Amino acid sequence: MTRLTDQAHELIAAVLQPGETAIDATAGNGHDTFFLCQTVGPAGHVFAFDIQQQALDQTSDLLAQAGFSNCDLVCHDHSQLAEIIPMSLHQRIGAIMFNLGYLPGGDHSIITQQDSTLTAVKAASKLLRPGGILTIMTYPGHPGGAAETTAVSEWINGLEENLFKTEICFSLSDSIRAPRLFVLRKQE
Ligand code: SAM
């Protein structure tokens, strides 16, 4: 049984090329950032965002263990993505990941918020290159997570089909509280 987080990695690995730029919009403990750094390789680059320095420190440790030096760790709200990513990289990003919710092992009251999440995913969709991929893991089971999942779902459903191809991957569990993975691809 493939976990949705692994499924996100598999989908991105089929799209993201060595030498490209990628973004982890929620660095957390660094597993997704690590995967992106590995995938783009030393000639590529990753920007990893988190609002908690604790998360970026964890991520930094993980990257250092592997000797990865191709990542900028950005302690900032991801709703500022468009302002922080250099203009020269706009519409040139191969993959962007969001893994919403709280930092596992950290303070569970610090969670992603529906409004800033929507601002961020909208900005992210505009940063992708043609053929680029955006993945968004949502967790309806925690407080605020159901409303955030609905907001992401409504935004995805309202996107123009000629601009983006979208899909939703569900967990094997049929609980409405189970995580889900939204996938958006920019049409070539
Ligand atoms: N991708 C991570 C990994 O591989 O370990 C897991 C991410 S964790 C589920 C969610 C992270 O989002 C937390 O570390 C939290 O601090 C961060 N976060 C919450 N609100 C944020 C915001 N507005 N901008 C950026 N990061 C945020």
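## Pairing of strands 4 and 5

In this predicted model, strand 4, which spans residues 93-99, pairs with strand 5 in the parallel sense, and the pairing extends over six bridges. Two of the facing positions can be named: I96 has L134 of strand 5 as its bridge partner, and N99 stands opposite M137, which also belongs to strand 5.

Strand 4 is joined to strand 1 (residues 21-24) as well, through four bridges, and these two strands likewise run parallel. On this side I23 stands opposite I96 of strand 4, so that I96 is a point of reference for both pairings, given its bridge partner L134 in strand 5 and its position opposite I23, as strand 5 is largely enclosed with ten of its eleven residues buried.

R129 lies in strand 5, and its relative accessibility of 16% falls under the 20% limit for burial, so R129 counts as buried. When neighbours within four places in sequence are set aside, the contacts of R129 are V15, E20, Q91, R92, I93, G94 and K186; among them, I93 falls within the residue range 93-99 of strand 4.

## Helix 1 against helix 2

Two packed helices are described by the angle between their axes and the distance between the axes. For helix 1 (residues 4-13) and helix 2 (residues 31-40), the axes come within 11 Å and cross at roughly 20 degrees, which means that helix 1 is roughly parallel to helix 2. The crossing of these two helices is right-handed.

The contact brings H9, I12 and A13 of helix 1 against H31, D32, F35 and L36 of helix 2.

## Helix 2 against helix 3

The axes of helix 2 and helix 3, the latter covering residues 53-66, come within 9 Å and cross at roughly 35 degrees, and helix 2 passes helix 3 in a right-handed crossing. From helix 2 the contact draws on H31, T33, F34 and C37, while helix 3 contributes T59, L62, L63 and A66. The residues of this contact divide into five nonpolar, three polar and no charged.

H31 takes part in both helix contacts, meeting helix 1 in one and helix 3 in the other.

How values were computed: Residues are numbered from 1 along each chain as its sequence is written. This is a predicted model: local features need pLDDT of at least 70, side-chain atom pairs count only at pLDDT 80 or more; totals for chains, interfaces and linings use all residues. Side-chain values use heavy atoms; hydrogens and water are left out. Axes are lines fitted to C-alpha atoms, for helices over the stretch in contact, and angles run from 0 to 180 degrees between N-to-C directions. Angles under 35 degrees count as roughly parallel, over 145 as roughly antiparallel, 65 to 115 as roughly perpendicular and the rest as oblique. A crossing is left-handed if the near helix is turned anticlockwise from the far one by less than a right angle, and right-handed if clockwise. Contact means heavy atoms within 4.5 Å. Ala, Val, Leu, Ile, Met, Phe, Trp, Tyr, Cys and Pro count as nonpolar, Asp, Glu, Lys and Arg as charged, and the others, Gly among them, as polar. Buried means under 20% relative accessible area, exposed over 50%, partly exposed in between (1.4 Å probe, protein chains only). Two strands pair if DSSP finds at least two bridges between them.
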